[in-house]
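Subject: Structure handover

Hello,

Please find the structure below. My notes on it follow.

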Amino acid sequence: MNAPAKFKIATTSLAGCFGCHTSFLDIDERLLDLMRQVEFDRSPFTDIKHCGPCDIGLIEGGVCNAENVHVLREFRANCRILVAIGACAINGGLPALRNHLPVSSLLEAVYQPGMIPNDPELPLLLDKVYPLHEIVSIDCFIPGCPPSSETIWQVLTDLLAGRKPELPSRLIRYD
Ligand code: SF4
């Protein structure tokens, strides 16, 4: 008898710090249970560069440049359920602290005159850092900076079981 097909999960970090991915890895030995059920597509865990058709996409980080928009749209086009994980993905988080200043003044503050990078290969910075849901539709939000591994595990197990995630208040945090 053939083994049941595995769920496919993709993950990525846009304007984030990988703290949410680290919290994901903190599910520790439950990773072994997870790997029996899922296969990772594009993710820092696999180094696959493009997102193919997936059941679940997890995205940390907000949207700060043109490449982030491209990656986010690729995930939306390929993931049946798209999850915004962490404060940066949900409301811009720490990177959005730049939103009250024009991009030009930020670049002038960071780089010496005449040294602002302008290689056409570099992704263009957006005028501000956007939360994911302002660019594409999002199906599920996991708050926290980062969310705890317990919270991430709860959401994943609910989604894999075909349930709408219902987090108890003890697993919902905004710090
Ligand atoms: S929510 Fe917090 S932990 Fe997650 S990417 Fe943003 S700053 Fe890092």
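Val 110 lies in helix 5 (residues 103-110). Helices here are DSSP runs of H or I with at least four residues, strands are DSSP runs of E with at least two, and both are numbered from the N terminus. Val 110 is exposed, with a relative accessible area of 63%. Exposed means over 50% relative accessible area, buried means under 20%, and partly exposed is in between (1.4 Å probe, protein chains only).

Before going on, note that this is a predicted model, in which local features need pLDDT of at least 70, side-chain atom pairs count only at pLDDT 80 or more, and totals for chains, interfaces and linings use all residues. Residues are numbered from 1 along each chain as its sequence is written, and side-chain values use heavy atoms, with hydrogens and water left out.

**Surface patch**

Val 110 also belongs to a nonpolar surface patch with Tyr 111, Met 115 and Ile 116. Together they have about 380 Å² of accessible area. Areas come from the Shrake-Rupley method with a 1.4 Å probe; for residues, only the protein chains shown count as cover. Patch residues have over 30% relative accessible area and no salt bridge; like charges are joined within 9 Å, nonpolar side chains (Val, Leu, Ile, Met, Phe, Trp, Tyr) within 5 Å.

**Core**

In soluble globular proteins, nonpolar side chains tend to be buried together. The largest nonpolar core in this model has 20 residues. A core is a set of buried Ala, Val, Leu, Ile, Met, Phe, Trp, Tyr and Cys residues joined through side-chain atoms within 4.5 Å. Phe 24, Leu 34, Ile 56, Leu 58, Val 83 and Leu 156 have the most contacts inside it. Helix 6 gives the largest share, 6 residues.

Cys 145 and Pro 146 are joined by a cis peptide bond, with omega about -5°. Pro 146 sits in the loop between strand 7 and helix 6.

**Salt bridges**

How many salt bridges does the structure hold? There are 9. Each is a side-chain nitrogen of Lys or Arg within 4 Å of a carboxyl oxygen of Asp or Glu.

One joins Glu 74 and Arg 42, with the closest N and O atoms 3.9 Å apart. Glu 74 lies in helix 3 (residues 66-78) and Arg 42 in the loop between strand 2 and strand 3, so the pair ties together parts 32 residues apart in sequence. Both Glu 74 and Arg 42 are buried.

Another joins Arg 163 and Asp 158, with the closest N and O atoms 2.9 Å apart. Arg 163 is partly exposed, at 45%. Asp 158 is buried, at 3%.

Lys 49 pairs with Asp 47, the closest N and O atoms being 2.9 Å apart. Lys 49 is exposed, at 53%, and Asp 47 is exposed, at 51%.

**Positive phi**

Asp 47 has a positive phi of about 70° although it is not a glycine. Phe 18 also has a positive phi of about 70° without being a glycine.

Best wishes
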